[in-house]
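Here is a friendly briefing on one protein chain. Take a look at the structure first, and then we will walk through it together.

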Amino acid sequence: MVGVSGPKDTSGAVNGSGAVNGTVSLDWHDERVAVITIRRPHRRNAVDLDALRAIRSHQLAVADRARVVVLTGEPPAFCAGADLNGVEGDEFADALGDALRGFTQLSCVTLAAIDGPAMGAGSQLALSCDLRMATATSRFGIPAAKLGLVVDRWTIERAGHEFGWPVARHMLLGGGVYTTEQLHPLGGIHRIGTLADALEWAEEVSELAPLSNAAHKHGFETAMAPHQGDAIFDEMRARAWSSNDALEGPRAFLEKRKPRFSGS
């Protein structure tokens, strides 16, 4: 059973006897605010299959209890993306999809507290949350085209709705990277601040009527539901993932060189 915290630390630290599943921890800031923390600082919190499964496990653990779930990463990053040493086949993509949709399926409010890079899967995780607070110099981007990969339709639509379509196009088609200070005026980041600030905000949100928030969240999620089916997109995505370029992109990244894409 997940422990409940004792008195809150005004420094913003999370207290209590946390549950650790792999390299992702679950703690309770207070009786209504749960904190999921990615703890892979040696990989800048890049997520592998085990980390994604741990996130999903923690989501299920708090589903009937939390009023707010805060997602964050142990410094020096929020999440630098997918760990390319642990991305193989459909299993990783399925686990990522489960983790992303898991935040949208929770009836409580979810809040991403971002400090540092939120790239690739990091931006996807941030987008999956209802609210976002980030430090001023945090960075966001989805550089799938630099790796020869293709994100799913859900990510495209989510990025368009949450960051704005021009920003989403720049990120996905031009490899654009944005800071908090650029996204905040556009609404992609709701507040600028630290983890301590995010926890304070989470406390405020947790005092709102939970049934109201649950209904409003459901309304937002159904309003943003992706179009059902797109055979052409699915075929194009499958072709990209099975291409030589999909092998070349991650290989070049790991070898710290510029990729040589052939379009095949």
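Residues 24 or more positions apart account for 68% of the contacts in the protein chain with a separation of 6 or more, where contact means heavy atoms within 4.5 Å. This is a predicted model, in which local features need pLDDT of at least 70 and side-chain atom pairs count only at pLDDT 80 or more, while totals for chains, interfaces and linings use all residues. Residues are numbered from 1 along each chain as its sequence is written, and side-chain values use heavy atoms, with hydrogens and water left out.

**The whole chain**

- The protein chain has 264 residues and a radius of gyration of 18 Å, which agrees with the value near 18 Å for a compact globule of that length; the radius is taken over C-alpha atoms, and the globule rule is 2.2 Å times the number of residues to the power 0.38.
- Along its principal axes, the C-alpha trace spans about 55 × 40 × 35 Å.
- Buried residues make up 48% of the 264, with buried meaning under 20% relative accessible area (1.4 Å probe, protein chains only).
- The chain contains 10 helices and 10 strands, which are DSSP runs numbered from the N terminus (helices: H or I, at least four residues; strands: E, at least two).

- Strand S3 (residues 33–38) runs parallel to S4 and is joined to it by 6 bridges; strands pair if DSSP finds at least two bridges between them.
- Within this pairing, valine 33 stands opposite valine 68.
- Strand S5 (residues 109–114) also runs parallel to S4, with 4 bridges between them, and threonine 110 in S5 is the bridge partner of valine 69.
- Together, S3, helix H1 (residues 49–62) and S4 make a right-handed β-α-β unit.

**The nonpolar cores**

- The largest nonpolar core has 53 residues, of which Val69, Phe78, Phe103 and Phe140 touch the most other members; such a core is a set of buried Ala, Val, Leu, Ile, Met, Phe, Trp, Tyr and Cys residues joined through side-chain atoms within 4.5 Å.
- Apart from that core lies another, of 14 residues, including Val109, Leu111, Ala198 and Ala202.
- Leaving aside neighbours within four places in sequence, valine 69 is in contact with residues including Ala34, Ile36, Val62 and Phe103.

Key. Buried < 20%, exposed > 50% of the residue type's maximum accessible area, 1.4 Å probe, protein only. Right-handed = clockwise from strand over helix to strand, strands pointing away.
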